[in-house]
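Colleague: I would like to learn how to read salt bridges and a helix packing in a model. Please take me through them.

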Amino acid sequence: MSTANRFVPLASRAVFSRRVMLGLVGSAGVLGVAADLHQRRDGYRGGNGNGNGRSTGKLWTPLVAGAPIAHLAQVDKKYGESDYQAVYNAIAEKLRDEDEYDNYIGYGPVLLRLSWHCSGTWDKKDNTGGSFGGTYRFQKESNDPSNNGLENAAHFLEPIKKQFPWISYGDLYTLGGVTAVQELQGPKIAWRPGRVDMPEDTTPDNGRLPDADNGASYVRNFFDRMNFNDREVVALMGGHALGKTHLANSGYEGPWGAATNTFTNEFYNNLLNEHWTLEKNEANNEQYNSPKGYMMLKTDMALVQDDKYLPIVKEFAKDQNAFFKEYTNAFQKLLQNGITYSKDSPVFVFKTLDEQDL
Ligand code: HEM
């Protein structure tokens, strides 16, 4: 690894006090130095981080000792909405074609889970982790036991990366989740490009993703690390309308409901209306099971056991539009946490294949 790709150690960061930096502002030459140091501190160099060497805009952000690292979205102006829609379409068409995966559930749920797990490592305290750097592509992160099973989503996306090499991994992983939600009849999710692949040494340590064997206070604390309030947490968990748990991946087994590949508010209705029994499964882990063969994790059940979460569950069970509205907000926030966007940085709302008659 080249020196330029390494972090500047904390000790040397301290040298650049706020006062020193303010003193330097205005001198273009010195700003150039600041930009270079900042890039090193962030662990990436100019260009869009995709290895094609193109520079995509200015990188400079205020360098203040002890301040969290800023991750500036960079978009190569050469690529516009129709290029990103083409990536969306390629993912959506592959989803439609390869429908036999996981007993005909298809790849939608696992793509959604990858987008959430590559974002869900974010820590607001120091702006480490998160979707920006595309670090799931490194073994340290993909081998986190919490990510078992997500290699299927990564393999699914690899040919798309080959077809569109200009898109960063961070953008691709998050766009995969947006495509899955929209193609499975969920709400439209506004999505912003500009994540920059960062080097391996910026990969967050394992252990930042949630452990399902916990109750409401754990869930609240966990999501507070990413700045989510109760309403956003209840909405995000509605992602469990899709897909299932697999003994081989997580040590849990079964789906949350009947419609495993349609994005609906069924999760909340099942939480409220099914008859749940806490049981040990084959792997000796506790999960709630219902006579219909559905399951809930303890962290799911926490949403009906907590006085503050429960009314929100009831609202979303009754009103799918209210759920979709909050999900759109919370999911977009999840995918963007930790990223700074300039005012003219684009926001895209992609058309589904149906809307394009494809
Ligand atoms: C406290 C928070 C959460 C916990 C503890 C949790 C835990 C789990 C576990 C244990 C699985 C089973 C994985 C497997 O065995 O294959 C799973 C699957 C899944 N999770 Fe979560 N999850 C949480 C939040 C979320 C959120 C916020 C989303 C989306 C926004 C989400 C989306 C999914 C999806 C779509 C699947 C199904 C994947 C598949 O079918 O392959 N989860 N989750």
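This is a predicted model: local features need pLDDT of at least 70, side-chain atom pairs count only at pLDDT 80 or more; totals for chains, interfaces and linings use all residues.

Colleague: How many salt bridges does the rule count?

Modeller: A salt bridge is a side-chain nitrogen of Lys or Arg within 4 Å of a carboxyl oxygen of Asp or Glu. The count comes to 16. One of them joins E286 to K298, with the closest N and O atoms 2.7 Å apart. E286 lies in strand β5 and K298 in helix α14 (residues 298-305), so the pair ties together parts 12 residues apart in sequence. Helices (H or I, at least four residues) and strands (E, at least two) are DSSP runs, numbered from the N terminus. D213 belongs to a salt-bridge network with E286 and K298.

Colleague: Is K298 buried or exposed?

Modeller: Buried means under 20% relative accessible area, exposed over 50%, partly exposed in between (1.4 Å probe, protein chains only). K298 counts as buried because its relative accessibility is 18%, while E286, at 30%, is partly exposed.

Colleague: Which residues of α13 meet α15?

Modeller: Contact means heavy atoms within 4.5 Å. Y268, N269, L271 and L272 in α13 meet L310, V313, K314, F316 and A317 in α15.

Methods:
Residues are numbered from 1 along each chain as its sequence is written. Side-chain values use heavy atoms; hydrogens and water are left out.
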